[in-house]
Amino acid sequence: MNYYENIVILDAALEDTGIDAAEKRITDLIEKMQGEVLKHERWGRRKLSYEINKHEKGYYLFFVFKSPPTAIKPLEELYKVFDPVFKFMIIKLRKKEVIALQSSLQAMEAKAAEQAAPDVVTDVVKDSVGEAVVPSVPAETAEPAE
Amino acid sequence: MVQKGKGSEHVKYKRFMRKKFCRFCAEKTPFIDYKDTRTLKSYITERGKQLPSRMTGTCARHQRELTEAVKRARNIALLSFMEK
């Protein structure tokens with residue numbers, strides 16, 4: 001299993017549903033080839049630094065995934081025939097990049113766990129204190145508005 | 001030219017030079033990220049060409065890594081090959 005980083009540029013004229021579909025198709029293929037998507041981001045519509053196939057803008061998708069090396073070929077084949085994609089780049093991550101990635105993933109998990117945990121705590125506080133907490137909040141927010 | 005400047009002029013020139021250093025070594029960055037265009041842009045000219053290490057002071061290893069990062073960024077249109 002190797003770690004890969006993948007940037008895909010989609011047609012910026014595509015609507016959100018089309019982008020969802022494209023993203024799903026890519027993640028499905030990765031998972032079908034025994035890969036695992038670790039991170040995916042949408043950078044959104046960006047101006048390209050230079051014109052590609054008469055496109056001035058593109059919708060950037062960013063994936064980080066773990067997969068056997070055999071998964072790359074079919075993925076590239078898909079991009080070549082997949083109409084919304086007009087540029088892509090797949091990069092194998094080196095040791096140091098993998099270490100940095102793992103630590104960032106751990107940090108993300110910790111953050112998610114933290115976000116989940118305080119919710120439970122605040123719920124308990126709200127239940128126990130209830131009325132005492134609620135009135136003080138609108139008063140504070142109202143002052144700066146005046 | 002080097003021999004000519006060996007006299008007092010050379011000393012004067014040297015006094016005003018601030019010593020260059022490799023920023024990546026100083027900051028101990030684990031790797032140079034091609035997605036970080038803000039950093040990369042300080043190592044290319046206005047025209048989009050990469051600056052030589054003799055101007056930026058980058059060490060040989062990091063200059064090589066930087067070259068790779070710039071090329072990757074250009075490939076995926078985060079940086080331009082040539083600014084008009």
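How many helices and how many strands does the secondary structure of chain B come to? Colour chain B by secondary structure to check: the count is five helices and zero strands. Keep in mind throughout that this is a predicted model.

**Stop 1: the sheet of chain A**

Select the strands of chain A. Four of them form an open sheet, in the order S2-S3-S1-S4, with antiparallel pairing. Strand S2 (36–52) and strand S4 (85–92) stand at the edges; each has a single partner strand, so one side of each is left without a neighbour in the sheet. Direction ignored, neighbouring strands of this sheet are turned by 20° against each other on average. Strands of a sheet pair through backbone hydrogen bonds, either parallel or antiparallel.

**Stop 2: S2 and S3 of chain A**

Next, select S2(A) together with strand S3 (residues 55–67) of chain A. The two pair in the antiparallel sense over eleven bridges. To follow the pairing, pick A:Glu36, whose bridge partner in S3(A) is A:Lys66. Then pick A:Gly44, which stands opposite A:Tyr60 in S3(A). The hairpin of S2(A) and S3(A) has two residues between the strands, and A:Asn53 takes a positive phi there, near 45°.

**Stop 3: a helix on the sheet**

**Stop 4: a helix from chain B**

Now show helix H5 (residues 60–75) of chain B. H5(B) lies across S2 and S4 of chain A and runs at about 155° to S4(A).

Look along H5(B) itself. At 1.5 Å a residue, its 16 residues should span 22 Å, and the end C-alpha atoms are 23 Å apart, which agrees. Which residues of H5(B) are buried? Select B:His62, B:Gln63, B:Leu66, B:Ala69, B:Val70, B:Arg72, B:Ala73 and B:Arg74 to see them. After H5(B) comes B:Ala77, with a positive phi near 65°.

**Stop 5: chain B as a whole**

From the N terminus on, its elements run α-α-α-α-α. Of the 84 residues in chain B, 31% are buried. Among contacts in chain B with a separation of 6 or more, 59% are between residues 24 or more positions apart.

Notes
Residues numbered from 1 in each chain as written. Chains lettered and ligands numbered in written order. Predicted model: local features only at pLDDT ≥ 70, side-chain atom pairs only at ≥ 80, totals over all residues. Heavy atoms only, no water. Pairing = 2+ DSSP bridges. Helix = DSSP H or I, 4+ residues; strand = E, 2+ residues; numbered from the N terminus. Axes fitted to C-alpha atoms, helices over the stretch in contact; angles between N-to-C directions. Contact = heavy atoms within 4.5 Å. Buried < 20%, exposed > 50% of the residue type's maximum accessible area, 1.4 Å probe, protein only. Expected span 1.5 Å × (residues − 1).
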